[in-house]
Every structure is written in structure tokens, then in C-alpha cells.
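Okay, thanks for coming, everyone.

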Amino acid sequence: MTSQWNTVGEVMTRAVVAVGRDATFREILETLQRWKVSAVPVLAGDGRVVGVVSEADLLEAEDREKGNTDGLTAAALMSVPVVSVHATSPTAEAARAMARGHFKRLPVVDAEDCLIGIVSRSDLLKIHLRTDEDLADQVRFELLAVLKPELASAVNVHAREGRITLTGTLPDASALPVLERLVRAVPGVVDAEVRLVAPN
């Protein structure tokens, strides 16, 4: 097993609707309505993300231009600079960027700033829908990273509705707080209780 749900690439949507710089106001509006999204990335010819046009951008332009929006293109409408994330970015980093900028979604780009996906608030919330079995498996995997295999095998992992309980024995009581922090850091865990017994 490998660690899951920790990075943007593991939760992002890969099928992305985007427009070019020359897309007209009407084309952008039709794209938003057809695909039921509230914003679209704007791409340069080489696939790099150069801006984002949102419903708010369209409404602002319509108000400013008094409804005369025929000549407006994505290049004039888009918000810049673009706030984006990489597929390898932690999900928590994407969540903080969304909260700071009041964004509903962020473009996901590669090392050359080319679009490879999009991550939305709902994508980030997927981690809270993980099954108990999936959570328990990842906790066991994470325990192997900090405990020797024979010690990790003496720890029983129980999951119920996102709450993790560790039971069993551990030779060193000083490791108990570390294990509790580790379990609580697993995406999707809502609570953790460490009932491990350590010899005096």
C-alpha cells in the first residue's frame, strides 16, 4: 500500500474545461453554463495557464460595459496573476490557498505551468468520505514509517466512522504522543484515541 489522499494530484479532477485568450464573452458564458462550472482557466497556445475567468469577472464586465460585451475576450476579462497549485502540493496547501483567496477551485499545473487538472473544494472534501477500512489501512501504513515492523504488528488499528482507536502494546511510552499526532494527521481521520499499554 502507498500513502493516499495527501496530495492535490490524488484528489484533483483531470478532465478540465478551459478557454483560449481569444474566447469571446459569449463563448465563455456558454462554456460555463454548458459544463456547469463557475470559472474556467485561460490557456496560452502552449497550454500554460495565464488567467482565470469567473462568473464574477463576467458580471463585473457586463456592469462596467453597460451590457456592451461583444468585443471582450478572455484576455481582457481574466483575473491575473493566476493562483495555482502543483499535483505534488499537499491538499492542506491547496485548502489554505482557496481560503486566502476565497476561490472555489484552483488550476493544477506541471513544472512548466501547463494545465493538468483542477482541484475544487468538493475534491478536497473527498478525503472525509473515505471508508473506515481505507483509513485503517493508511494508519497501519503510517505506523510502519515510525515503528519497527514487529512493533507495528503489535498495534491493533480500529476505525469507526472516521474515528481511529489504537490498542495493543508498545515498549516505550514516550512514543504514544507521537503516534496520536501521526494518526490525527491522516486525511479523513476525525478523531483518534491511543489505548496502547506500555510497560513501566
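Take R14: at 58% relative accessibility, it counts as exposed.

A word on ground rules. This is a predicted model, so to speak of local features we need pLDDT of at least 70, and side-chain atom pairs count only at pLDDT 80 or more, while totals for chains, interfaces and linings use all residues. Residues are numbered from 1 along each chain as its sequence is written, and side-chain values use heavy atoms, with hydrogens and water left out.

Back to R14, then. You'll find R14 in the loop between α1 (8-11) and β1 (19-20); helices here are DSSP runs of H or I with at least four residues, strands are runs of E with at least two, and both are numbered from the N terminus. Which residues does R14 contact, leaving aside its neighbours within four places in sequence? They are G9, I116 and G117, where contact means heavy atoms within 4.5 Å. R14 and V119 are 105 residues apart along the chain, with their C-alpha atoms separated by 8.7 Å.

Now the helix pairs. Helix α2 (residues 25-35) packs with helix α3 (residues 55-64) at an angle of about 145°, and their axes are 11 Å apart. For the geometry, axes are lines fitted to C-alpha atoms, for helices over the stretch in contact, and angles run from 0 to 180 degrees between N-to-C directions. The crossing of α2 past α3 is left-handed; that's the name when the near helix is turned anticlockwise from the far one by less than a right angle, and clockwise makes it right-handed. On the α2 side the contact is made by F25, I28, L29 and L32, and on the α3 side by E55, L58, A61 and E62. Sorted by class, that contact has six nonpolar, no polar and two charged residues. The classes go like this: Ala, Val, Leu, Ile, Met, Phe, Trp, Tyr, Cys and Pro are nonpolar, Asp, Glu, Lys and Arg are charged, and the others, Gly among them, are polar.

Next pair: α7 (residues 132-146) and α9 (residues 176-184). Their packing angle is about 140°, with the axes 10 Å apart. These two helices are therefore oblique to each other; under 35 degrees would be roughly parallel, over 145 roughly antiparallel, 65 to 115 roughly perpendicular, and the rest is oblique. Here α7 passes α9 in a right-handed crossing. From α7 we have V139, E142, L143 and V146, meeting L179, L182 and V183 of α9. The tally by class is six nonpolar, no polar and one charged.

In soluble globular proteins, nonpolar side chains tend to be buried together. We call it a nonpolar core when buried Ala, Val, Leu, Ile, Met, Phe, Trp, Tyr and Cys residues are joined through side-chain atoms within 4.5 Å. How many residues does the largest nonpolar core have? It has 19, and V139, L143, I164, L166 and V183 have the most contacts inside it. At least two residues each come from α7, β7 (155-160), β8 (163-169), α9 and β9 (191-197). The largest share, four residues, is from α7. If you click on V183, you'll see that V183 touches V139, I164, L166, V189 and A192, not counting residues up to four places away in sequence. There's also a second, separate core of 16 residues, including V19, I28, L32 and M78.

While we're at β8, look at T165, which is found in that strand. Is T165 buried or exposed? Buried, at a relative accessible area of 16%. Beyond four places in sequence, T165 is in contact with N156, V157, H158, E193 and R195.

V80 and P81 are joined by a cis peptide bond, with omega about -5°, and P81 is in the loop between α4 (74-77) and β4 (85-86). D113 isn't a glycine, yet has a positive phi of about 65°; D113 lies in the loop between β5 (105-109) and β6 (115-120) and is partly exposed at 39%. E161 also has a positive phi, near 50°. That residue is in the loop between β7 and β8, and at 61% relative accessibility E161 counts as exposed. E161 is also one of the residues touched by V190, which lies in the loop between α9 and β9.

Methods: Buried means under 20% relative accessible area, exposed over 50%, partly exposed in between (1.4 Å probe, protein chains only).
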